[in-house]
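Here is a short note for a colleague opening this structure for the first time. Please read the points with the model on screen.

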Amino acid sequence: MAVISTAGLARHYTTPVTISWGGNKVVIGGGRPVVVQSMTNTATADVEATYRQASELAAAGSELVRLTVNTPDAARAVPEIRARLDRAGIHAPLVGDFHYNGHKLLTEIPECAAALSKYRINPGNVGKGSKQEENFALMIEAAKKWGAAVRIGVNGGSLDQALLTRLMDENVRAGGPLTPQAVLRRALVESAVDSAKAAESLGLPADRIVLSCKVSEVQELIALYRELAKCSSWALHLGLTEAGIGSKGIVASTAALAVLLEEGIGDTIRVSLTPSPGASRTEEVVVAQEILQSMGLRSFTPMVTSCPGCGRTSSDLFQKLAEQTQAFLRRRAPEWRRTAPGSESMTVAVMGCIVNGPGESRQADIGVSLPGSGESPVAPVFIRGEKAGVLKGADIARQFQDIIEKFVRVYEAGGTPNPC
């Protein structure tokens, strides 16, 4: 594969895939910024619940939103969900997630096929024997007819068992040179590549094909995508199949995706977190954005640098201020991205004592150093390295947010903030 340079990292060049709706175009691959996507977990047949969650995901910054399309009722709901989003001015392209009966739903309910910008096809779940090729062809024909892109997504848990058995038997006859895990990787890659070639032979061009080979183990995912990148020029979707819940899911996703992205592999990502009961589905969007932003690949919202605290920090004030500030930045970021381009890369520091506080605060665009144990009860504020004043009193959080708002207004005017 050819290699290009993006944000300081060498990246594998893949064929760009343009996915659009309502004038909104999202480009996956071709050296473009890595795209963030997510998936609803509502019953798609529940139009109101799915519309509401899709809206939340799009507002959080999900550039593609995937829906489960598993029943005729779900398929019939898709056009109404699309229409409601359009009426609300939300033009994030929708992706249909199909398993087992996608060929029927796309052909028998054409309004569903027309409302989706991309179809997710799992080669292991489209049928058995001759039906597999027939059903796969029907889905590709629907994509061609309606101008949709296709993600050919192979999963470790739903791999075509006939293919895996054949490769295992071949390995045994060859004297077993490969481990069972290596044979499984080969089967996953072969399934994805052969399916992409089949789609092209049916008339779907490479610029409408995205590939994925997903498993749930970090090291296996890394090994798998390294192999896939060597033999593929199609755009690649990254993500663990099931990352897990809470910190485990976040850490596993970060460990896997960061390694591959650092190697220039991957054009779009999803962080498949198990949400805590009652938690917002948007957490997976936030984590995906923070992975990309921490690596310097993209900027989505100003990020807070804050100290962990130690025996010198006399209260939890700096912790509360850091949390309140990050929440404020996330809340304001969608509007700032529209009115003040560039503000999303702004850096903010909230520090808790005199040891590193002033130094870290000076290195940020805006920083505040709160007093530690035995220090003067005032908090100096620094703007671009210069002391700009002090905060004190019970409403420090509001004062600090006012300073940030004033700073962003310079971006709105098209200028570069300068304390002088």
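1. Start with the sheet. Five strands form an open sheet in the order β15-β16-β17-β18-β19, and their pairing is mixed. Bear in mind throughout that this is a predicted model.

2. Which strands stand at the edges of this sheet? They are β15 (303-306) and β19 (386-391). Each has a single partner strand, so one side of each is left without a neighbour in the sheet. From one strand to the next, the twist averages 20°.

3. In general, strands of a sheet pair through backbone hydrogen bonds, either parallel or antiparallel. Strand β18 (residues 379-383) pairs with β19 in the antiparallel sense, over five bridges.

4. Turn to the largest pocket. Its volume is about 630 Å³. The lining counts 24 residues, and those nearest the centre are Asn 24, Ala 58, Gly 61, Ser 62 and Glu 63. Two or more lining residues come from each of β4 (24-28), α1 (47-60) and α11 (317-339). Strand β4 gives the largest share, four residues. By class, the lining of the largest pocket has 10 nonpolar, eight polar and six charged residues.

5. The second largest pocket holds about 360 Å³ of space. Its lining is made of 19 residues. Nearest its centre lie Met 39, Arg 66, Thr 241, Glu 242 and Arg 270. The elements giving two or more residues to this lining are β9 (149-155) and β14 (273-274). What is the class make-up of the lining here? It has three nonpolar, eight polar and eight charged residues.

6. What does Ser 20 touch, leaving aside its neighbours within four places in sequence? Its contacts are then Lys 25, Pro 93 and Ser 117. For a sense of scale, compare Arg 398, which lies 378 residues from Ser 20 along the chain. The C-alpha atoms of Ser 20 and Arg 398 are separated by 40 Å.

Technical notes: Residues are numbered from 1 along each chain as its sequence is written. This is a predicted model: local features need pLDDT of at least 70, side-chain atom pairs count only at pLDDT 80 or more; totals for chains, interfaces and linings use all residues. Side-chain values use heavy atoms; hydrogens and water are left out. Contact means heavy atoms within 4.5 Å. On a 1 Å grid over the protein atoms alone, a cavity is a set of points where a 1.4 Å probe fits but cannot get out, and a pocket is an open set with protein on both sides within 12 Å along at least five of seven lines; lining residues have an atom within 4 Å of a point. Grid points are joined across faces, edges and corners, and a volume is the space filled by probe spheres set on the points. Ala, Val, Leu, Ile, Met, Phe, Trp, Tyr, Cys and Pro count as nonpolar, Asp, Glu, Lys and Arg as charged, and the others, Gly among them, as polar. Two strands pair if DSSP finds at least two bridges between them. Axes are lines fitted to C-alpha atoms, for helices over the stretch in contact, and angles run from 0 to 180 degrees between N-to-C directions.
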